[in-house]
Amino acid sequence: MTALDGVDLAVADGEFLVVVGPSGCGKSSLLDLLGGLSRPTSGRILLDGSPVTGPGLDRGVVFQQYALLPWRTAQGNVEFGLEAVGVPRRERPARAREFLDLVGLGGFERRHPHELSGGMRQRVAIARSLAYDPDVLLMDEPFAALDAQTRESLQDELLRIWRRTGKTVVFITHGIDEAVRLGQRVAVMTSRPGRVKEVVPIELPAGAGGDDPRSTPEFARYRHRIWSLLRDEVSVAQRQEREGAVAA
């Protein structure tokens, strides 16, 4: 099966790019390739002009599942990433606490994952990925398992962290509202095999007086534009799923 075909996509330094597409279009496969977790059968992936040939500390990955070590505290989980990059033991606690503060978890350093809500666990996972200072943060539907209120809260929190750190972010989602809320640009994928159908630049108003950008006419227009691009692709993806089920 060909998951992706002819994907041509450039991401600028410090950009927040969101990739959205129908189920089964190869979004997660694309992130695996960017992370060096798998290799393309053709083509190249470059980071600052150098080929990506495997996992590297220049890329941090946040998955949908939190992937935390259950026997470690929140601080211990963040320190685990620092151990991997050789940060001296005496420097790890302060640095871990710094990034837990950054994601709004000051005071929860000694809590174990089972003592934290889903949203808090995902914050720990983000802190762990940021702590060793990767150039690029790759995020594979990290809020998909959360309830709607927590998801929207973490979207706002992630934007705050991105603005503060200036990291390059590639964020995978199947949610149109999430794509419009987060992305400076949204790359819309076709059904399988996945290609980039169109890249939509997003320019939302800053929101005077703390107004939520989700309630603006601009947000509605971008949402409609992206759904218009996705509508036919979703129909094709659903047909592919039905045909696959019959073949099985």
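Predicted model: local features only at pLDDT ≥ 70, side-chain atom pairs only at ≥ 80, totals over all residues.
Six strands form an open sheet of mixed pairing, and their order is S4-S5-S6-S1-S7-S8. At the edges stand S4 and strand S8 (196–201); each has a single partner strand, so one side of each is left without a neighbour in the sheet. On average, and with direction ignored, neighbouring strands of this sheet are turned by 15 degrees against each other.

| Strands | Sense | Bridges |
|---|---|---|
| S4 (residues 59–62) and S5 | parallel | four |
| S5 and S6 (residues 168–173) | parallel | five |
| S7 (residues 185–189) and S8 | antiparallel | five |

Individual residue pairs can be located within these pairings. Valine 62 stands opposite methionine 139 of S5. Valine 136 has threonine 168 in S6 as its bridge partner. In S8, glutamate 198 is the bridge partner of valine 188.

Strand S5 covers residues 136–140, and five of its five residues are buried, so the strand is largely enclosed by the rest of the structure. In a regular strand, side chains alternate between the two faces of the sheet. In S5, Val136, Leu138 and Asp140 point one way, whereas Leu137 and Met139 point the other way, and all of them are buried.

S5 also takes part in a right-handed β-α-β unit, together with helix H5 (residues 148–165) and S6. H5 lies across strand S1 (16–20), S5 and S6, and runs at about 140 degrees to S1. Helix H4, in turn, lies across S4 and S5, running at about 170 degrees to S4.

**Nonpolar cores**

The largest nonpolar core has 49 residues. Those with the most contacts inside this core are Phe16, Val124, Met139, Phe171, Val186, Val188 and Ile226. Helix H4 (residues 118–131) supplies the largest share of the core, seven residues. Another core, of 15 residues, lies apart from the largest one and includes Ile45, Val136, Val170 and Met189.

With residues up to four places away in sequence left out, methionine 139 touches Leu31, Val62, Ile126, Leu158, Val169, Val170, Phe171 and Ile172. Val62, one of these contacts, is also the residue that stands opposite methionine 139.

Valine 19 lies in strand S1 and is buried, with a relative accessible area of 1%. Leaving aside residues up to four places away in sequence, valine 19 touches Lys27, Leu30, Val170, Phe171, Ile172, Thr173, Ala187 and Met189. The C-alpha atoms of valine 19 and aspartate 32 are separated by 13 Å, the two residues being 13 residues apart along the chain.

Lys27 and Leu30, which valine 19 touches, are among the buried residues of helix H1 (residues 27–35). The buried residues of H1 are Lys27, Leu30, Leu31, Leu33 and Gly35. The elements that cover them include S1, S4, S5 and S6. Glycine 36 follows H1 and has a positive phi, near 75 degrees.

**Helix H2 and asparagine 77**

Helix H2 (residues 74–84) is mostly covered, with eight of its 11 residues buried. These buried residues are Ala74, Gln75, Gly76, Asn77, Val78, Glu79, Gly81 and Leu82. Helix H3 (92–102) and H4 are included in what covers them. After H2 comes glycine 86, with a positive phi near 80 degrees.

Asparagine 77 lies in H2. Why does asparagine 77 count as buried? The relative accessible area of asparagine 77 is 0%, and buried means under 20%. The side chain of asparagine 77 reaches the backbone nitrogen of leucine 69 at 2.7 Å. Apart from residues up to four places away in sequence, asparagine 77 touches Leu68, Leu69, Arg72, Pro113, Val124 and Arg128.

How values were computed:
Residues numbered from 1 in each chain as written. Heavy atoms only, no water. Buried < 20%, exposed > 50% of the residue type's maximum accessible area, 1.4 Å probe, protein only. Helix = DSSP H or I, 4+ residues; strand = E, 2+ residues; numbered from the N terminus. Pairing = 2+ DSSP bridges. Right-handed = clockwise from strand over helix to strand, strands pointing away. Core = buried A, V, L, I, M, F, W, Y, C linked by side-chain atoms within 4.5 Å. Contact = heavy atoms within 4.5 Å. Axes fitted to C-alpha atoms, helices over the stretch in contact; angles between N-to-C directions. Polar contact = N/O pair within 3.5 Å; in protein donor to acceptor, adjacent residues only side chain to side chain.
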